[in-house]
Amino acid sequence: MLTSLVVLVPILSATALAAASPFLPGRRGISAVAAVAGCAGLTAILLARTGTYTVTWFAGWHPRGDAAIGIAFAVDGIGAGLALFVGALGVVALVLSARLVQAETLLFDALAVLFVAAMVGFCLSGDIFNMFVFFELMSVSAYILVGYEVRQRAPLEGSLTFAVTNTVGSILLLFGIGLLYNKTGALNLAQIGRALEHGPLDLGVVVAFALITVGLLVKAGVVPFHLWMADAYAVAPTPICILLAGAFSELGLYAVFRILWTAFGGAFAGQEDALRAVFVGAGALTGVVGAAMCLLQHHLKRMLAFATIAQVGMFLVGLGLLTADGTAGAAVWVVGDGLVKAALFALVAVVQHREGKVTEAALHGRARDLWPLGLAFAFGALTIASVPPTGSFLGRSIVEDAALKLDGYRWVPALLAVVTAVVGGALLRAAARVFAGWGQRAPDDPYAEDRDAQDEPDERDGGADRADPFLWVPAVLLLGAAVVWGVLPGLRDSVAGAAAAFVDTDAYAAAVLDGAHHAVHAPTIHPPSITGYLYAAGSVAGALAIGAAGIAGLGGRLPRAVRATADGARALHSGRPTDYVAWLAAGATALTGVLALVLT
Amino acid sequence: MTVLQVVALLVVAIAGTATVAVRNPARQVIVASFHGLALTIMFFVYAAPDVALSQLTVSTIAVPIMALLALAKLRRQGEDE
Amino acid sequence: MLAYVVAVWLLVVGIVGIVTSRHLVHLVLCITVTQSSTYVLLLAVGFRENGTGRAPIFADLPPGTPVVDPIVQALTLTDVVVEATVTALLLALTVQVAKRFGTVDPDELGALRG
Amino acid sequence: MSRLARTRLVAVTVLLAGLGGLLVAALAEQPAPDAPPPPSAKLSTSVVVHERHATNVVAGVTFDLRSLDTLGEELILFAAAGGVSLLLRGQRKEQEAAQARERADARRQELPAAVRATAAILVGPLLVFGAYIVSHGQLTPGGGFQGGVIIAAVLLLAYAGGQMLAAGGLDPTKLLEALHALGAAAFALVGLAGLIFGGVALVNVVALGVSGQLLSTGTILILEVVVGIEVAAAIALIFSELLDQALLRGS
């Protein structure tokens, strides 16, 4: 009952808002915030009441024998927790949108609420085609919300490339679902899992998995499917950026591993080493590319977009370790970083709202009078470099411990340290330039010539001297929440239990198809060790050093070859949807080929 | 597999290829409609009348009207400049 | 088997069309071709030659007659609708792009680069 | 073709040949075409026929067994129609919109009288036909979506024929906007009704009748009609927004 209300309440609110919109022009209220808050509240109750799994069959069609004919929401701790996180970010986003989005109708609110509802449904669903439907719903809402500022060039283009690449991605996803149905005759994840359990692991199964993974990784923004992401995230209205960067991309990863564990867990048993190498490799590549590109940016929101790509890579490393503790670490880290990123977006919005600009060069020293917010921004940057005791630090140290337990992955902690240090350093550099005016003015960006002119009316021009408390108070609260998340008592144990349920193929299938309760063995997760603190100290120091080097303008003195490589990498992010689809095809072929090679 | 199925599938493949190959958008709308009609016939042959009717309404009503209206707008734009 | 080959062919041809497109409306229609590959795949998956390949409609059939798989048809139905709506959205974006900066060539886009 | 496009064409063709080869190889080892259909397909068929009294099994699956998917699908349509009007209007002011509509009306008068007369004559019968398709989906092929698109096309025809002016002072676009939102809301409300009266969201809570008759299938028919309204209004809204654009010069 509760499970279905979690999606029905926001859906009904969104449609009601839209129905009222033609008759109440210009009316903005707290109704959208209330709708999302209600959804988040219901999700919180659902999470609290979910033991291991909660299964709800829509329209009452329980499985008969092993055949599921209806659609189930199969909720576990990770799914419900992620849904709650989406709801919470949704509340923040809608509160901020009261200041940041100039809406003449209620339609913006309606679409934002629908976007949240779709993401929540996606987290809870236990049926692969139903996941596809919610996936499309959240994508379609996102295309519109990204392009909301249609009067400017950049959002329109961002929306178009986003829509084109993601549509191709979802076609591949659906093609994979078709192949899988052909193999198993099932759409319910647990039923697919049972059907594949005993069958041979042949090319059909592997290719189906590969196509489904490609479709979802396009959403997650894993290299080389990430190209659309920076374009879209840099231009969306800030409240939507918070939802996109904090939750939307992460949902792509969530779904890959939800489907991997529940539907392919039996089929891939014994192949963990090969799969792990593929996923951790892709994650490492994404992290490195994202961090390097982040360092090269001077547009604050685009910088945060590439930071998101780097983080997605790190989360993929954590989940790709294919252990319960790696999954638990990634889950903690996703929430920790999502809160910080929301805060950083809100702080950027404070400055952008007042100055009407978003690049380092244009804002150089313009926000000196807002130095307390500069300190908050710097703290956020350090949190991304995982300064203790924040949630990002806790999550990262759990992932590190999980990697150190596996042979051949002892290099993972060093990688995480480097990537987080580079991202943190880039953000520190920006903070020092914008809020303190330190160092040289950033170079004018050759790739962003007309950007400032285009971005001028991006957010409503307040013209006020002081920072808008409506914007910075939520930002500070979010940073506080990121710290609290790292020291929340009992968090490690409950996340360990949820992660164990997430990766347990048999217990999931038993709960969904037989209604039986199997015990799940939760791993013991230790508090961060000395090594964890040392790595964190390393990346914080690295971030400070990179930030300082950036302010000093050392980037311009790097060897010519390095700069040429950087320019080449930037040129690949061409903003052309045709190029992006070509890269998508390349990535899809590569991933399918590699998986076919290593798994069959 | 019946002869009818083979023919329907081949027509779908050819019409799909033609839709991609025709570069003039106005003409392409017509070819795309034809591709939709070919799909409709294929769905009937594959015992899916519901899907066939949907495809028929989409490919002969919804998509052509939308595409032609969009093209009309683009042409007007061209005239104004 | 031919149906599967046709499905894969439509997928590949559609993507080639998208990548080489020089007009946004053309690109959108290429997406519809790519999308049609999934319809062909799903219906081919559901079709069975045993029995007679009857449609799952019992208006004139006695109950219990073997029919083809109705589930994939329901999925395809959903898919067709989704495709039509995405097409509408993409066309609206195209119209706006043309209006704001007078081009319909996807290769001339790129306000956001690097 | 530019050098850029040619490079891309070659690269993508090579890559996709590889992917296509893998896909065909993967499909080559699929179940034989005369294998029995999967158990869930057979079970769905018998459940729809015997427990839901629908003769069109696809409608039964769409509007009952997998009705949550259909709710999602309608919401996608709802979002897209809202999005199209949002994108195309570009947040222009109400006044501008009114002027634009006047100009559009003026242009419509330029249509040859014969065209308008034909349109007017066709409207009535086609509407009946659309409504028939919507309401008989649970028995024979067709249903809410197919009938809805037909009705939307008829509305466009009516608009072109100038009939809509007879609808009085009400702005037809506003009406469509409200109607498509209400259609989506009604679907969710049927789901909620199941939760309230049947304990499970989307479960059928209406008495079933004799198979083969119009009123035999409880919520399936209700949802067909709801979807018909939603689809007709949403598609008509998309049409009218695009038409507004096409009839306007410049801006």
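In which helix of chain A is confidence lowest, and in which is it highest? Confidence is lowest in helix α18 (residues 451-455) of chain A, where the mean pLDDT is 44, and highest in helix α5 (residues 128-146) of chain A, where the mean is 96. The model is predicted. Chain A has 24 helices and two strands, while chain B has three helices and zero strands.

**Confidence in chain A**

- The mean pLDDT of chain A is 90, and 96% of the residues in chain A reach 70 or more.
- The pLDDT is below 50 over residues 449-462 of chain A.
- In the model, this stretch of chain A has 39 contacts beyond near neighbours in sequence.

**Overall form of chain A**

- A compact globule of 600 residues would have a radius of gyration near 25 Å, and the 23 Å of chain A agrees with this.
- The C-alpha trace of chain A spans about 70 × 60 × 50 Å along its principal axes.
- Of the 600 residues in chain A, 70% are buried.
- Among contacts in chain A with a separation of 6 or more, 83% join residues 24 or more positions apart.

**Overall form of chain B**

- Read from the N terminus, the elements of chain B follow the order α-α-α.
- Chain B has a radius of gyration of 15 Å, whereas the globule rule gives 12 Å for 81 residues, so chain B is more spread out than a compact globule.
- Along its principal axes, the C-alpha trace of chain B spans about 55 × 25 × 10 Å.
- Of the 81 residues in chain B, 58% are buried.
- Among contacts in chain B with a separation of 6 or more, 40% join residues 24 or more positions apart.

**Surface and charge**

- Chain A has an accessible surface of about 16,900 Å², and carbon and sulfur atoms account for 64% of that surface.
- The accessible surface of chain B is about 3,200 Å², with 75% belonging to carbon and sulfur atoms.
- Chain B has 5 positive and 4 negative side chains, and the centres of the two sets lie 6 Å apart.

**Cis peptide bonds in chain A**

- The peptide bond from Val223(A) to Pro224(A) is cis, with omega near 5°.
- Pro224(A) sits in the loop between α8 (203-220) and α9 (227-235) of chain A.
- A cis peptide bond also runs from Pro388(A) to Pro389(A), with omega near 0°.
- Pro389(A) is in the loop between α15 (371-384) and α16 (391-404) of chain A.

**Positive phi angles in chain A**

- Ala59(A) is not a glycine, yet its phi is positive, at about 60°.
- The loop that holds Ala59(A) lies between β1 (53-57) and β2 (72-76) of chain A.
- Ala59(A) has a relative accessibility of 4%, so it counts as buried.
- Leu322(A), also not a glycine, has a positive phi of about 60°.
- Leu322(A) belongs to the loop between α12 (300-320) and α13 (324-355) of chain A.
- Leu322(A) is buried because its relative accessible area is 7%, and the cut-off for buried is under 20%.

Definitions and conventions: Residues numbered from 1 in each chain as written. Chains lettered and ligands numbered in written order. Predicted model: local features only at pLDDT ≥ 70, side-chain atom pairs only at ≥ 80, totals over all residues. Heavy atoms only, no water. Helix = DSSP H or I, 4+ residues; strand = E, 2+ residues; numbered from the N terminus. Rg over C-alpha atoms; globule rule 2.2 N^0.38 Å. Buried < 20%, exposed > 50% of the residue type's maximum accessible area, 1.4 Å probe, protein only. Contact = heavy atoms within 4.5 Å. Areas by Shrake-Rupley, 256 points an atom, 1.4 Å probe, with all protein chains shown as cover. Lys, Arg positive; Asp, Glu negative; His and termini not counted. Charge placed at Lys NZ, Arg CZ, Asp CG, Glu CD. pLDDT = per-residue confidence, 0-100.
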